[in-house]
Amino acid sequence: MKKQNVRTISLIVCTFTYLLVGAAVFDALESETEKRRWEALQAVEDMIIRKYNISQEDFKVMETVVLKSEPHKAGQQWKFTGAFYYATTVLTTIGYGHSTPTTRGGKLFTMCYAIVGIPLGLVMFQSIGERVNRLSSYVIKAVRTSLRCKRTVASEVDLICVVTTLSSLTIAGGAAAFSRFEGWSYFDSVYYCFITLTTIGFGDMVALQKDNALNRKPEYVMFALIFILFGLAIVAASLNLLVLRFVTMNTEDERRDEAQAMQALQVAVKLEGDVITSNGSILSGYEGHDGQSLNGTNTSSMCSCRCICLNGGNRHKKQQYKMRRSPTHIRHLLPEVVPMQDLNYDTQSMHTIGALNGSGIMSGSHMGIGLDVVDDTGNRSPIKPQPHPQKLLKRNVSLLSFRI
């Protein structure tokens, strides 16, 4: 199984396991509190109904009025300042839910606006994160150079430490400001900053929603918007170092596999059929590269052809010559190529074929095709044609290579 598939399956298993563990922990922490809060609210509801002698229907109307009027306590949400705040939550995918469009045109424009704005925001924050990491690496290098350290180049661990520190300082500073302006506890302010900068955006705690802050406190509105944008850029720098590294691992492995496959295809040369080497050995089903056989024998001089078997049989063998690359890439394997159609020979004279000796010289009664044969003593004598008992060989021999 490929490494990418194993990694994907492992991530799926780990994610679902993490979800199960989280569900169990949240159940243990929140279920009892939720039950007690519900019982307390039901007791208050019953007390109000009895005290003011109102029906259940009237109480539901009062409850709806209270819920719907909550967003209006911050002032007009859809004036330019409030609309800019809403557009920021859409583009950054925070989505507090403190104000939502009610008209059909507003809902349609929100969808179209998000389709373009969300990718634009992601690319922008990613680019800012890369610049922050580059600046951090320059600062680390300058500090180490001034301190005369041996190793001045910033590593990924160094950058992770820097952006983690910046993120912590951003959350701590923002929590102090929101605790002062909103009247929250410091812990709740830290919780709000973390939920905001990680773009979770539950909406249970939203800034700028008290005392008509959107219209009366422009400096606070400016601070909140700058905090969101700057904080998301710092978080993007952290994600650039942590998350994106793991996200691109599958892509890197796939590119590496493709490169290895292309490299193997470029150097692969395959020969199929019988190959006669210069020392007289016959390789069946030869498959090799650069003139090297499977057993390491040099095959710079060989014959792969449609002719009578060199083992002495009369069986016609079909040439099987296939290449993955161009024939010019193995031309060095066939140094002496003679087209048989250019030779003047009598096919009836082909009778038997002897073996090649170790020096690559045709010996004995090798082939009666009107050629001279050199024996072991060096004497050259013509070969007389001999009658062949079988049918004439009517096939054209496509390629024959000798080292004579």
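A crossing of two helices is called left-handed if the near helix is turned anticlockwise from the far one by less than a right angle, and right-handed if it is turned clockwise. Keep that in mind for the close-ups below. The model is a predicted one, where local features need pLDDT of at least 70, side-chain atom pairs count only at pLDDT 80 or more, and totals for chains, interfaces and linings use all residues. Residues are numbered from 1 along each chain as its sequence is written, and side-chain values use heavy atoms, with hydrogens and water left out.

**Figure 1. The whole chain, before we zoom in.**
You're looking at 10 helices and 4 strands. Both kinds of element are DSSP runs numbered from the N terminus: helices are H or I with at least four residues, strands are E with at least two. Reading from the N terminus, the order is α-α-α-α-α-α-α-α-α-α-β-β-β-β. Of the 404 residues, 31% are buried. Here "buried" means under 20% relative accessible area, "exposed" means over 50%, and "partly exposed" is in between (1.4 Å probe, protein chains only). The chain exposes about 26,800 Å², with carbon and sulfur atoms supplying 61% of it; these areas come from the Shrake-Rupley method with a 1.4 Å probe, and for residues only the protein chains shown count as cover. Take the contacts in the chain with a separation of 6 or more: 58% of them are between residues 24 or more positions apart. A contact means heavy atoms within 4.5 Å.

**Figure 2. Helix 4 meets helix 5.**
Two packed helices are described by the angle between their axes and the distance between the axes. For helix 4 (residues 104-146) and helix 5 (residues 156-182), the angle is about 110° and the axes are 10 Å apart. That makes helix 4 roughly perpendicular to helix 5, and their crossing is right-handed. Helix 4 brings Val132, Asn133, Ser136, Ser137, Ile140 and Arg144 to the contact, while helix 5 brings Asp158, Leu159, Val162, Val163 and Leu166. Sorted by class, these residues are 6 nonpolar, 3 polar and 2 charged. Axes are lines fitted to C-alpha atoms, for helices over the stretch in contact, and angles run from 0 to 180 degrees between N-to-C directions. Under 35 degrees counts as roughly parallel, over 145 as roughly antiparallel, 65 to 115 as roughly perpendicular, and the rest as oblique. For the classes, Ala, Val, Leu, Ile, Met, Phe, Trp, Tyr, Cys and Pro are nonpolar, Asp, Glu, Lys and Arg are charged, and the others, Gly among them, are polar.

**Figure 3. Helix 5 packs with helix 6 as well.**
In this pair the angle is about 125° and the axes lie 8 Å apart. Helix 5 and helix 6 are therefore oblique to each other, with a right-handed crossing. On the helix 5 side, look for Thr170, Ile171, Ala172, Gly174, Ala175, Ala176, Phe178 and Ser179; on the helix 6 side, for Tyr186, Ser189, Val190, Tyr192, Cys193, Phe194 and Leu197. The contact has 11 nonpolar and 4 polar residues, and no charged ones.

**Figure 4. Helix 3 alongside helix 8, roughly parallel.**
Helix 3 (residues 80-91) packs with helix 8 (residues 218-241) at about 15°, their axes 11 Å apart. That angle makes the two roughly parallel, and the crossing of helix 3 and helix 8 is left-handed. Thr81, Phe84, Tyr85 and Thr88 of helix 3 meet Val221, Leu225, Ile228 and Leu229 of helix 8. This contact has 6 nonpolar residues, 2 polar and no charged.

Arg148 sits in the loop between helix 4 and helix 5. Buried or exposed? Arg148 is exposed at 78% relative accessible area, whereas Leu208 is buried at 0% relative accessibility.

**Figure 5. Thr196 in helix 6 and Asn215 in helix 7.**
Thr196 is buried, at 0% relative accessibility. Leaving aside residues up to four places away in sequence, Thr196 touches Ile94, Tyr96, Ile228 and Leu232. Asn215 is partly exposed, with a relative accessible area of 40%. With that sequence limit again, Asn215 touches Gly75 and Gln76. Asn215 and Gly82 are 133 residues apart in sequence, but 8.4 Å apart in space, C-alpha to C-alpha.
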